[in-house]
Amino acid sequence: MAQKQFREVICDAIREEMERDENVFIMGEEVAEYNGAYKATQGLLEQFGDKRVIDTPISEAGFAGLGVGAAMNGLRPIVEFMTFNFAVVGMDQIINNAAKIRHMSGGQVKIPIVFRGPNGSAGQLGATHSVAYESLYAHLPGLITIHPSEPYDAKGLLKTAIRDDNPIIFLESEQMYGLKQEVPDEEYLLPIGKAEIKREGSDVTIVADGKIYHVAKKAAEELAKDGVEVELIDPRTIKPFDIDTVIKSVKKTNRCVVVDESHPFGGVAAEVGFQIQREAFDYLDAPVLRVTIPDVPAPFSKKLFDLWQPNPKQVIDAVNNVTYRS
Amino acid sequence: MSKNNQNITSRTATIIKAHDLPKPTQKTHKGLKISEEELLELYRSMMLQRRFEERCMQMYQKGKFGGFLHLYSGQEAVSTGAAYVLEDDDDFITTYRNHGLGLVKGITPNEAMAELFGKKDGCSKGKGGSMHYFKPEKHFWGGHAIVGAHLPLAAGIAFANKYQENDRLTICFFGDGSIDQGTLNESFNLAQLWKLPVIYVVENNGYSMGTAVQRHSAGELVDRALPYGMKHDVVNGMDVFSVIEKLSEIANEVRKTKEPFFLEIKTYRYRGHSMSDPATYRTKEELQDYKKTDPIERLKAYLLERQIAKETDLQSIFDEVDKIVLESIDFAENNDFPSDEALYQDVYAEDDFPYLT
């Protein structure tokens, strides 16, 4: 076991899979000579050369679509977006080509491609650079959406994603790249679509994915000091969503708060809340609550930004609400 | 405005003729090394595409199937010439106006007709419809219906061929409407920058839906190659010999250099953009003028003039293809619709994907 940063395990996963399969290659803006805008591809150019580690122009529709075409024709591309906020320019290639061509061709064409890069806000970057896209991608049939929160999960899931025959959206975060965790030295894979109960508790269930998981975790630690035991579930994959693990937990705790970096309308929290009311209605002692980014774009001003970004206090307030402690 | 345009006075307004066709090649079939048997096969192939679509239109008008139907009639020399020149394992990708190219690449008339009817043995299992024909085992990578969105895919298919160091070429067809999309510029830049073995072909049929080419694109279409330093040319698309001659030169060059090429093929579609389009944006005179350059009639005249075939020979080819097309209608009508279970198949790699309900 070694302490590894999030960015290092992303790089390790890509390296291991490129060593294993010659058809795996990576392309994106600054992935090669620059070693990655966030150093998640450090050293790959040196090891694999410019045939397989490829700097692209700033041309998201071009290289996203080129990746899809290469996947149709036998390769396993990893396409890095410097952030998913820039992927929007190439989104037609993801939504209409990557996600639908298998279906429209009656299953004749497979598209094993991973689109990866940071998602959501990374501080005061203004509205265009701060959108969390997990709910939007999960909305679309044909795509798998993975949203890990910790290095161990990220490595095992990214390796599985690269081997998978579906088009995959793999969401990271600029603010997590420095995050460290013990990671095994030996190879391991993690299954897509399996949640992990990261803290067991009996008073309330909290579901939280990606970077926002750490906000929920901090809240859970605070609540424990106050005698409230949180069961904290990290879904890790948004689509397919492991609702069974959540339902089982809610049937035990009878209360749930969903914490999600999306905007509220039609977001992950909305879907999870709906599933809980349908599958565990009689078990609920309080309405399911959610803590999300508000229904407005990201503001720049520090004061407004702090109001916009979900924080542990909001999670604690929501828990107090569903446990009738407030 | 393009220097080649002529004005034609219509009943209601002065409108612009779609384009002027470049002069066809003067070479004979012998000069192009096309055998007499191959000539008849070219004729047969074009006639099959034409007849297939005439019957499609009838079936559509009878209400046998729904959805959109965009006909290729008039443009058959392009598909036929390209299939003649390129190897079976060269990769083809095109737009939603894909019936002709699908047929020449090996989708059978039965599979093609059944797809229009939405039946289970259609070339896309009834999930794609008229606009989304696929047959990757024959290197036909689809009909794509977002204008310009398949140009990056073609670059990717060519990228994979280069990566795998095989000798396959990719040929990507698109209409003059695609010229104006950003994806054309991004794809041209990547293809030239990374030296990808792809031939981009604009089938300039004069209209982006109902908007004449002079009203939707600045400058000459072929000049879009210039900023990228991409090799380029223009050819008459109403003459199958001209298409064959030009594409042979280009294919040889791209196979040798592994660099992209942009070819503008000037052609014309006889029908509206789709079945709901009465084509009031052009004059009857213009349509009649282009029909005088019809690729099938042109080849027919050539065959008769040189006594390569008799009227009766050509009539039997027509009868044969018409029979094939009628049989495809029978096949499509009798073929089953996809099962209810098929709704949840072919979306993900796994058949047991845990779909939300």
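This is a predicted model: local features need pLDDT of at least 70, side-chain atom pairs count only at pLDDT 80 or more; totals for chains, interfaces and linings use all residues.

A: Residues are numbered from 1 along each chain as its sequence is written, and chains are lettered from A and ligands numbered from 1 in the order in which they are written.

Q: How many helices and strands are there in chain A?

A: Helices (H or I, at least four residues) and strands (E, at least two) are DSSP runs, numbered from the N terminus. Chain A has 13 helices and 14 strands. Its C-alpha trace spans about 60 × 45 × 40 Å along the principal axes.

Q: Into which domains is chain A divided?

A: Domain bounds come from an automatic or database domain assignment. Here they give domain 1 (2–183) and domain 2 (196–322) of chain A, with C-alpha centres 26 Å apart.

Q: How many residues of the two domains of chain A are in contact?

A: Contact means that two C-beta atoms, placed from the backbone, lie within 7 Å. In chain A, 24 residues of domain 1 are in contact with 22 of domain 2. Helix 7 (134–138), strand 6 (144–146) and helix 8 (151–163) of chain A each supply at least two residues of the domain 1 side.

Q: What of chain B?

A: 35 residues of chain A are in contact with 36 residues of chain B. Helix 3 of chain A gives the largest share of the chain A side, ten residues.
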